[in-house]
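I opened my notebook for a friendly look through this one. Here is what I looked up, entry by entry.

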Amino acid sequence: MVILGWIDLYKATSDSRYLSAALKAADWLCLNMDSDGKWSKYTYNDIPHTYHSRVAWSLLEVYKITDIIKYKNAAERNISWILSKVKENGWIEEMGFYNGDVVPLTHTIAYTYRDCWNVRFFRR
């Protein structure tokens, strides 16, 4: 979420410090992304979460400002991983805070679906 804030501050002020902070964070995220598009290191409870679609959205916002393709590619890899977790009925697994969490909180459900939509249907 801080990346989204830094991007908004950069847009509002043109202060390069905010863009620099967003880029450093985005680079760290790309560096720590698993090869299949999820994040499993440095995560809550040390497990991957599909609500990290919110993280993918922030990477996409960095891409939109910088045109640096690695951020768009990382966002798309994460969304592809998340879409691999979609069940036949449309439910997405791993939206909760714990392994096997079958009743996640509504805010993680909302993050997952809304931010998947934001990234998946991004048009530039």
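This is a predicted model: local features need pLDDT of at least 70, side-chain atom pairs count only at pLDDT 80 or more; totals for chains, interfaces and linings use all residues.

**Entry 1: one side of a helix**

I began with α4 and listed its buried residues: Y71, A74, A75, N78, I79, W81 and I82. They share one side of α4, because the arc they cover around the axis is only 160°. I reminded myself that an α-helix has 3.6 residues a turn, so residues three or four places apart point the same way. I also checked the span: the 15 residues of α4 reach 21 Å from first C-alpha to last, close to the expected 21 Å.

The protein chain has an average pLDDT of 89, and 94% of the residues score at least 70. Among the elements, α2 has the highest mean, 98, while α5 (residues 106-120) has the lowest, 75.

**Entry 2: the core**

Which residues have the most contacts inside the largest nonpolar core? I found I3, I7, L59, V62, Y71 and I82, in a core of 24 residues. At least two core residues come from each of α1 (2-13), α2 (16-31), α3 (53-66) and α4 (69-83). I then followed Y71: beyond four places in sequence, the residues it touches include L23, C30, L59 and V62.

**Entry 3: E61**

Leaving out neighbours within four places in sequence, I see E61 in contact with L4, I7 and K11. The E61 side chain also makes a polar contact of 3.1 Å with the side chain of K64.

Terms used: Residues are numbered from 1 along each chain as its sequence is written. Side-chain values use heavy atoms; hydrogens and water are left out. A nonpolar core is a set of buried Ala, Val, Leu, Ile, Met, Phe, Trp, Tyr and Cys residues joined through side-chain atoms within 4.5 Å. Buried means under 20% relative accessible area, exposed over 50%, partly exposed in between (1.4 Å probe, protein chains only). Helices (H or I, at least four residues) and strands (E, at least two) are DSSP runs, numbered from the N terminus. Contact means heavy atoms within 4.5 Å. The expected span of a helix is 1.5 Å times one less than its number of residues. The arc is that of the directions from the helix axis to the C-beta atoms. pLDDT is the predictor's confidence in each residue, from 0 to 100. A polar contact is a pair of N or O atoms within 3.5 Å; within protein, one must be able to donate a hydrogen and the other to accept it, and residues adjacent in sequence count only if both atoms are side-chain atoms.
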